[in-house]
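Please open the structure in your viewer and keep the selection panel at hand. The tour below goes from the whole chain to single side chains, with a stop for each selection.

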Amino acid sequence: MVHLNPKCHTHSHWLHNAPYQQPTTEPLPATADIVIIGGGITGLSTAYWLNKLNPEQKVVVVEARGLSSGATGRNGGIICPGLNDSFEVIANRYGEKEALRLVDFDYTNLDMLAKFLEEHGDKDNGPFDPQITWMKHGGICAWTSDIEAYEAQADVARLQKVRPHQDDLALLSPEEVQELTGEKSFKWGALQIKNTAIAWAARIVFCLARVVQDKVHLATFTPVERVDQVSATQHRVVTSRGVIVAKKVAYCTNAWTKYLVPHFTPHLVPIRNQVVSVPGHSNEGAGHGKDGKQKKKIDYVLSANRGYQYLSFRPTDGRIIFGGMRNTTVGHMAYEDDDSTLNVTVSCQLRNRLEDLGLPHHPEREWAGVMGWSMQDGLPFVGELASVIGKDKGQGQFMAAGFSGHGMPRTFLCGRALAQLLCDKPLDDHFPAPFLLDHPTRKYLLTSDKDAKM
């Protein structure tokens, strides 16, 4: 069952009183050049770039709920560039040159997204103001064990050796981390990523929608039931509100891809997470911890315990956003795609950890979000399905999904790459080849769900 009940879902802070959350009343077009399935940041980025590349194309975006109601509207609001895996592992798998391209791609994405928002975003704290704020002390990835610190330090040393002209990364001693955060439990040091921002990610989607809404048909509350390939240039997109016949189809469905493309069931797995928003934090010296000592101002993004905890302070409204703790459950909430309910264990752990940190711990809102996890290599899937499931089933069908909890630094330009593929245009030189479905390291994709179960 697909858990997309619009009347029964946890209420995200990012979607409170948001635009584009009502059902579309305009009839669906009968035909389209391209149908994009999914109205999150990847789908709307793709629509934006398609309009830039070929404004004459007839494009339709269909979304099962309101725009940005999936992972983009249910995340922790953090934009932190860089690999979400070991540089050592990535370099050994793809070579140092390609590993560096993967790192640099995140920064290029961040730069181009910032330029887009400078032009198309508002700055009035309204629904089209993403409130991007660069943190004074960047992102602090605090290590919670000797082994985690040892692995990370070796990894950063190699990255700095091959990227000496960049000064975005710094190693912090335990004393520096404790001084910065006021938290004495961080005894092993940390990695500091200086170019880190917080943002109201759903509003990035709303900015994209506002730019394209007069050029692209946006259909909310229009779940897709299936896609039938009639021929290489004719696909029947069957929705709850009717059928659209499209020349090409783009799946920007992330965690829910398996319901429309079952072949990806073992490769792209839903993983659920929980986040709370806590009001009433002044951030003028952040209260006192259990040890009675004064806490420090939160002018950084904090990630700890291998990313299973992440915290930020929003200066525009005085709220703390804290998420994670899924590692306290059996199975870490993997293979779960229901964002309509909360895990009680995680709820308790989130509150307990906030209290341990000496922070307000009575949430105003708590919500679940579902990530689409690329299980074998952690990289997103971008490309035409024909290379994986054959021309008879996948020609003219494309995808960009599987961002593994690291979508904010990648989706805007992955949408651009998807648009280039849909328009038969060459990809940008900075686009990482390992993202592509037909990359030589992705022969595992030729294994179907049926084969995986045998």
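A residue is called buried when its relative accessible area is under 20%, exposed when it is over 50%, and partly exposed in between, with a 1.4 Å probe and protein chains only. By that scale Arg-226 is partly exposed, with a relative accessible area of 41%. The model is predicted, so to speak of local features a pLDDT of at least 70 is needed and side-chain atom pairs count only at pLDDT 80 or more, while totals for chains, interfaces and linings use all residues. Residues are numbered from 1 along each chain as its sequence is written, and side-chain values use heavy atoms, with hydrogens and water left out.

**The whole chain**

Begin with a cartoon of the protein, in which there are 11 helices and 19 strands; these are DSSP runs numbered from the N terminus, helices being H or I with at least four residues and strands E with at least two. The C-alpha atoms fill a box of roughly 70 × 45 × 45 Å along the principal axes. Buried residues make up 58% of the 454. Of the contacts (heavy atoms within 4.5 Å) with a separation of 6 or more, 76% are between residues 24 or more positions apart.

**A buried phenylalanine**

Now select Phe-186, in the loop between helix H5 (174–181) and strand E7 (190–193). Is Phe-186 buried or exposed? At 2% relative accessibility, Phe-186 counts as buried. Leaving aside neighbours within four places in sequence, Phe-186 is in contact with several residues, among them Ala-142, Val-177, Leu-302 and Arg-353.

**Charged pairs**

Side chains of opposite charge can pair when their charged atoms come close. Here a salt bridge is a side-chain nitrogen of Lys or Arg within 4 Å of a carboxyl oxygen of Asp or Glu, and a search of the whole structure finds 20 of them.

Select Asp-122 and Arg-210 next, whose closest N and O atoms are 3.0 Å apart in a salt bridge. Asp-122 lies in the loop between helix H3 (96–120) and strand E4 (133–134), and Arg-210 in helix H6 (residues 201–212), so the pair ties together parts that are 88 residues apart in sequence. Asp-122 is partly exposed at 25%, and Arg-210 is partly exposed at 28%.

Move on to Glu-151 and Arg-306, a salt bridge with its closest N and O atoms 3.2 Å apart. Because Glu-151 lies in helix H4 (residues 146–162) and Arg-306 in the loop between strand E14 (301–304) and strand E15 (309–314), this pair ties together parts that are 155 residues apart in sequence. Glu-151 counts as partly exposed at 40% relative accessibility, and Arg-306 is partly exposed at 49%.

Return now to Arg-226, whose side chain meets that of Asp-228 in a salt bridge (3.0 Å, N to O); Asp-228 is partly exposed, with a relative accessible area of 25%. For the last stop, select Asp-317, Arg-319, Glu-364 and Arg-365 together, which are linked in a network of salt bridges.
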